[in-house]
Amino acid sequence: MAKTVTPDAISIIRSNPTPDSSGDIPELVVQVLDLKSTGNRNRFMFTANDGKMKLKGILPATIEFEVISGNIQNLGLLRILDYTLNDIPNKSEKYLVVLKCEAVSPSLEMEITSETNEDGVHMKKRQKTVIGVMVKTEMDGEEEAETPIKREGDSILLKPKQEVLTKSAVQIMHEQHKNVAPAARLAMTRRVHPLVSLNPYQGNWTIKVQVTNKGGMRTYKNARGEGCVFNVELTDEEGTQIQATMFNEAAKKFYDKLEMGKVYYISKGTLKVANKQFKTVQNDYEMTLNEYSEVEEVKSEDTFIPEMKFNFVPIDMLGSYVNGKDLIDIVGVVQSVSPTMSIRRKSNNEMLPKRDITIVDATKKSVVVSLWNDLATGVGQDLLDIADKSPTVAIKSLKVGDFQGVSLSALSRSLVLVNPDIIEAKNLRSWFDSEGKGTAMESVGSDAVSSARGGARSMYSDRISISHITSNPSLGEEKPAYFNIRAYVSFIKPDQPMWYRACKTCNKKVTEAIGSGFWCEGCQKNDESCSLRYIMALKATDASGDAWLSTFNDEAENIIGCSADELDELRSQDSEDNGYQLKLKQVTWVPHLFRVSVALQEFNNERKQRITVRAVAPVDYAAESRFLLEEISKIKV
């Protein structure tokens with residue numbers, strides 16, 4: 001009987017979801033349907049069809065050229081040489097993860113279905129057609145004869161495997177192993193699994209990964225005793241990452257062996273669902289290595305540079321990550337770079353170098369990113385040197401804080417790429433050159449809307465009254481609590497210190513220099529002039545009570561309606577109408593929506609609540625009416 005697409009190929013795959021070796025896999029030829037990119041570079045999804053059943057799958061990254069060149073096509077035929085059937089995060093069904101394959105036939109005219117006849121199962125087309133192709137095949141040891149492969153009637157006959165594949169596995173391995181070093185031979189027989197294919201229910205597996213981040217050795221003490229632990233982040237050739245943890249004996253065994261940037265074979269580890277509180281990479285699972293795990297450095301083979309994967313968050317969506325545990329990636333155009341500053345660490349009085357860069361993106365928002373230590377003095381200096389060219393940057397693993405509303409801070413594991421060769425950076429460069437360069441950018445910290453991951457979370461969520469804060473003195477005891485309130489500005493003390501003198505470069509406080517000018521401790525320089533920035537207290541009142549709120553520059557400007565320099569000019573004028581007092585009077589008894597943080601601070605041995613305005617917006621009466629109607633509908637009469 002002539003060779004055809006393998007009957008019941010999907011059933012065979014499902015009956016043996018994880019073959020022990022590629023030699024255990026029978027002839028498997030399937031039709032490729034719904035071939036498409038996953039959105040990640042080098043990765044393609046498809047549906048495997050054997051005529052009776054279908055199974056969704058993922059092709060290996062190594063066949064990208066085969067797809068681009070057209071050797072593997074939609075409706076074409078594919079021979080599967082190695083695979084595993086696995087659960088994929090966020091997918092409800094098992095996926096066929098193809099580890100090795102080869103093209104058999106280009107695109108057929110249409111999808112095929114199966115039909116059983118006297119000769120067995122053949123693949124059937126839905127229309128009749130006759131197409132003849134001549135190939136050579138072996139016939140029981142006799143000389144090669146030309147045999148047509150036809151689509152005759154309804155039957156589709158496929159070309160057999162090439163002659164070299166008719167050799168036994170022993171012959172092939174013997175030929176491959178000639179003149180090959182022992183370490184390379186071991187690598188050739190090793191079955192490497194991509195990280196995306198691993199799950200806690202798998203048996204033996206081996207991965208080939210690079211150490212892309214290594215933490216320090218830490219000690220701990222709990223009810224079971226004392227111990228040590230350290231973590232590494234591992235990345236495979238496709239850019240998939242996983243965090244691996246080692247305790248006690250395993251930590252001591254592998255701490256010196258696992259080195260940054262080196263590539264290793266790792267096996268005999270265990271996987272479990274990742275603890276979201278401690279995970280540092282985008283993976284639903286985390287790995288644990290014990291003292292019996294195997295770690296072998298890859299020395300005699302070509303190593304690889306893993307593809308860096310980013311999960312970029314637009315600047316206007318950063319609000320929902322403030323003070324959260326998730327680290328974010330960001331891409332933007334550098335708008336400004338500050339000089340290096342020295343910051344004293346409170347815990348040990350150590351001086352740390354710091355540099356702030358301001359970046360913007362297509363959302364027309366800006367955010368400040370703080371770089372520390374080597375990032376500040378290394379890549380930070382590089383950015384300062386080319387700041388006038390507005391370079392693009394992609395930064396991985398940033399922490400989102402609430403300084404000035406929203407701010408970003410680099411960590412020891414953070415990675416900064418300048419003018420990266422990725423599509424997101426190229427698109428951003430095109431946008432900036434065409435329209436962004438001349439567009440006014442607004443700080444994301446002054447935005448009144450904090451966008452949540454599932455959609456917009458506006459100032460109408462987390463709404464409380466002022467009395468809810470003032471009547472709960474323990475609010476913000478462990479960490480700052482965030483709420484939204486609707487209140488009136490009822491009073492602003494006209495004789496309070498409403499601003500401070502600030503450096504025009506870094507916005508830090510300056511002092512009068514000896515002789516003339518103003519000295520900035522952060523920038524370590526003297527300027528002839530400075531700017532004024534608000535640091536103002538105001539009383540806010542709603543139907544339940546009132547409270548004093550602290551405001552900073554951007555929020556105060558929204559409330560007052562002018563800059564601190566402009567208000568200072570009004571204050572210095574000696575006029576009958578007293579424009580300064582009039583300006584403060586105009587802004588009182590005006591309703592606003594406030595996003596506030598509540599924290600406990602100790603002053604004169606007394607703990608008091610400090611309520612800080614993080615964002616402010618005028619009342620949208622249409623939205624406010626909808627909110628009130630929704631609240632009324634929740635009331636049970």
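In what order do the three strands of the open sheet run, and is the pairing parallel or antiparallel? The order is E30-E31-E32, and the pairing is antiparallel. Here strands are DSSP runs of E with at least two residues, helices are runs of H or I with at least four, and both are numbered from the N terminus; two strands pair if DSSP finds at least two bridges between them.

Before going on: this is a predicted model, where local features need pLDDT of at least 70 and side-chain atom pairs count only at pLDDT 80 or more, while totals for chains, interfaces and linings use all residues. Residues are numbered from 1 along each chain as its sequence is written, and side-chain values use heavy atoms, leaving out hydrogens and water.

Strands E30 (510-512) and E32 (525-527) sit at the edges, each pairing on one side only.

Now find helix H8, residues 423-434. Its buried residues (under 20% relative accessible area with a 1.4 Å probe, protein chains only; exposed is over 50%, partly exposed in between) are Ala425, Leu428, Trp431 and Phe432. They cover an arc of only 125° around the axis, judged by the directions from the helix axis to the C-beta atoms, so they lie on the same side of H8. That set packs against strands E19 (328-337), E21 (351-360) and E23 (392-401), with contact meaning heavy atoms within 4.5 Å. On the other side of H8, Ile423 and Ser434 are exposed.

Methods
The expected span of a helix is 1.5 Å times one less than its number of residues.
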